[in-house]
Amino acid sequence: MSRTLLHEGWTLQALGGPVPADLPAEVPATVPGTVHTDLLTAGLIPDPYLDLNEHALQWIGDSDFGYRTTFAFEDEGHERVDLVAEGLDTVATLALNGAELGRTRNQHRSYRLDVRQNLRAGSNELSVDFAAPVRSAREAEERIGAKPFVGNALPYNALRKMACNFGWDWGPVLTTAGIWKPIYLHRWSIARIAQVVPLVTVDADGTGRVELRVELERTNDDLLTIAARVSGPGRTDVTVEAEVEGTTAILTLAVENPELWWPRGYGEQPLYSASVAVSQNGAEVDRWSHDIGFRTVEVTMAPDQYGTSFSFSVNGQYVFVKGANWIPDDCFLPRVTRESYERSIRDAIDADMNMLRIWGGGIYESDDLYDICNREGILVWQDFLFACAAYSEAEELRSEVAAEARENVARLAPNPSLVFWNGSNENVEGFYYWGWKDVLAEGEDWGRGYYDDLLPSILAEVDPTRSYLPSSPFSPENYATPRDPNHGPVHSWEVWNRQDYTTYRDDIPRFVSEFGYQGPPNYSTLTRSVHDSPMAPDSEGVLSHQKAEDGNGKLQRGYAPHLPEPTNFDDWHYTTQLNQARAIQYGVEHFRSYSPRTAGSIIWQLNDCWPVTSWAAVDGDKRRKPLWYALRSLNAPRLVTIQPREGGLALIASNDSPDAWTGEVSVRRVAIDGSELAAQSVRIDVAPRTNETVLLDASVTSAGSPESELLVASVEGARRAFWYFVEDLELALPELDITTSVEVVDGGYTVEVTANALVKDLVLNVDRLAPNAVVDEMLVTLLPGESHRFTVTGPAGIDTDALVAHPVLQTVNTLKHARRPEPATA
């Protein structure tokens, strides 16, 4: 058995469509790759991510392209030679030496073709011709019937292709084609392992069980031997062997008291190796192996005094979910490497998150993502790939959906990090709340057959060990009310779309699997990708990198009740990033304060696929926005927050750690000048993984002069909590009055800031001075007399005076006291 990669010698040709007349007849191609990246590498198109280039490149998605290569073949006598394409994007025709091999219509699955009879000794020509994806989607829509969908005019729901590739409210319209995953010749004889699904469970007595379901493809019916092995920590080495004449086998291994795999923050992540070897007459013919982990996962959806719960428990331990939604990390998927996955998942780890939700408008991600999550203890919620649309259940789509689901459920089954499958993103909500029900004919299919029947039946057959939900949001109590916060997971988008973020407190949801607030990318990311002169919120390039409907209008209406109107672009940039962080902080603190009634929240979103104004905590150039720093504080194992409760203001101490938390919380009401007006000492004794709520004395929480007073709660081992009685618009915040010093140190700089008067939400936008410069903290509030030392990692030669000057150093104080134009006089 051998595999020969076919990644060399490819060329790309335009075969039809609105192709520029000066495009060369042939272009060198990279495999795996895409048409866009090949044209970019050849210098034939500008960078699609810059300025308005996206709009000038729409011809690519409307054009047909062909890939060609030649390769040498020497017959080694194997019974089978298969051409394996792990990923083709999307509508393709494959031919070998001029003979058509097959056609594909699904980006989300692999294809295997027996080419033994098509090969010839010596040189062979392989071609893969891709039909224009935009035209293919429109043609598919005509055949199967139009169904409603969200967003632009491109019917992404008619084709099994990454939905966001057709544009989204954070993503460009860069509709790709290409050989996006490895392609190779697979030579084999006698038998090959077609699939192994390890079903890993833990008995009540602690015994671990691994049921290995093996599927074979064979060239004869002779007797085979299958040997299975599990090895790992604690000198574990368990084997079992069986003989098989057919194409399926089930081998079960028991492991006594295996070390359990835990999510991050709850324990370690021991991994075991499971392997399967197939042999005939003592000679091995194929082998499979994958890491596994022993753990139990329970997703509880049960009636209780508040409605219907939705919570996760691992190994019997309730887990408060602190997560983020994940979108594809680049529009051009072959550019996403193991290293880039590690960097982006590190953003989740460093922000103390414990779950990623792989969103249904993207892809089933590379094995690398799940492997990293296995090793780092990040739980994975995986959507099936249906998003924000009604989907036809015509056979043309249904057969492809079944094939991709079977393949990916089996592929992902070994990963202990994978804990949940979700049928669709917002599709049930769309049917009942977005008008789809009114435009679809009575009884017309819209995807429910997938979510209620096909997908759960495939899970029951292939991997019954994971929990499943038909959609998110979803009400287990009533299919038609997916927005009900009292039943199951909800998406909270009224805040961004229509309401002020203070309305997060109007509900106590059971679980929030999507909610978010926009902010622009960091300054160096924005100015690298947009070159407007002058730069303005409504300048052409900035608006082109704002994909949300009325996005800038919503940004303005969002900060208007809270912050002064910015007077220039620098202040607009700070204001909108600050308001993004504040909105999410407001929601997360509220949700966490009600654990376990609210069992977790998953922000929209962790990452971006290009430089854009969006809901991401980390921008498209992988720079952490102020929101990320806020999330790191909010997700800390120990958190204190002041929240309104019946009877007044309460201190909530949230202990998401394995140890009890005891201490004295100092709660003070202070004046803007720092003088203490009232104080209360609160003794806390918080059990592991719980909250404690203490109603504060009215003497502390009753402000005599609300615009000039605030509350500060301090306890060892947790960040301080602040409570303001009025918004910043009314707050008597003084002009910025600080003393600063900068010291050059190995690898960067230290910046010490001392407040001579109250300083609110201080940030250092160090990337303005050097794009690779990073600061260790943002959004720092200082009372008069307090100091904070920032650590800046960055290159030598940064202007140290600029480090502590506007617009690198920004605060709410500078916004409040910015010079504004005098009103016009008659």
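## The second largest pocket

Let's start with an open space: the second largest pocket has a volume of about 1100 Å³. This is a predicted model, in which local features need pLDDT of at least 70 and side-chain atom pairs count only at pLDDT 80 or more, while totals for chains, interfaces and linings use all residues. Residues are numbered from 1 along each chain as its sequence is written, and side-chain values use heavy atoms, with hydrogens and water left out. On a 1 Å grid over the protein atoms alone, a pocket is an open set of points where a 1.4 Å probe fits, with protein on both sides within 12 Å along at least five of seven lines. Grid points are joined across faces, edges and corners, and the volume is the space filled by probe spheres set on them.

## What lines it

Which residues lie nearest the centre of this pocket? They are Asp169, Glu426, Trp434, Trp493 and Asn497, out of 42 lining residues (those with an atom within 4 Å of a point). Strand E30 (489–492) and helix H10 (494–497) are the elements that give two or more residues to the lining, and H10 provides the largest share, four residues. Helices (H or I, at least four residues) and strands (E, at least two) are DSSP runs, numbered from the N terminus.

By class, the lining has 19 nonpolar, ten polar and 13 charged residues. Here Asp, Glu, Lys and Arg count as charged, Ala, Val, Leu, Ile, Met, Phe, Trp, Tyr, Cys and Pro as nonpolar, and the others, Gly among them, as polar.

## Salt bridges

The whole structure holds 60 salt bridges (a side-chain nitrogen of Lys or Arg within 4 Å of a carboxyl oxygen of Asp or Glu). One of them joins lysine 161 and aspartate 89, at 2.5 Å from N to O. Lysine 161 sits in the loop between helix H3 (133–144) and strand E11 (178–179) and aspartate 89 in strand E6 (residues 88–89), so the pair ties together parts 72 residues apart in sequence. Lysine 161 is buried, with a relative accessible area of 3%, and aspartate 89 is buried at 2%. Buried means under 20% relative accessible area, exposed over 50%, and partly exposed in between (1.4 Å probe, protein chains only).

## A linked network

Arginine 192 and glutamate 217 also meet in a salt bridge (2.8 Å, N to O). This pair links strand E13 (residues 191–202) with strand E14 (residues 208–218), its partners being 25 residues apart. Arginine 192 is buried at 11%, whereas glutamate 217 is partly exposed at 24%. Both belong to a network of salt bridges that includes Arg80, Asp82, Arg112 and Asp114.
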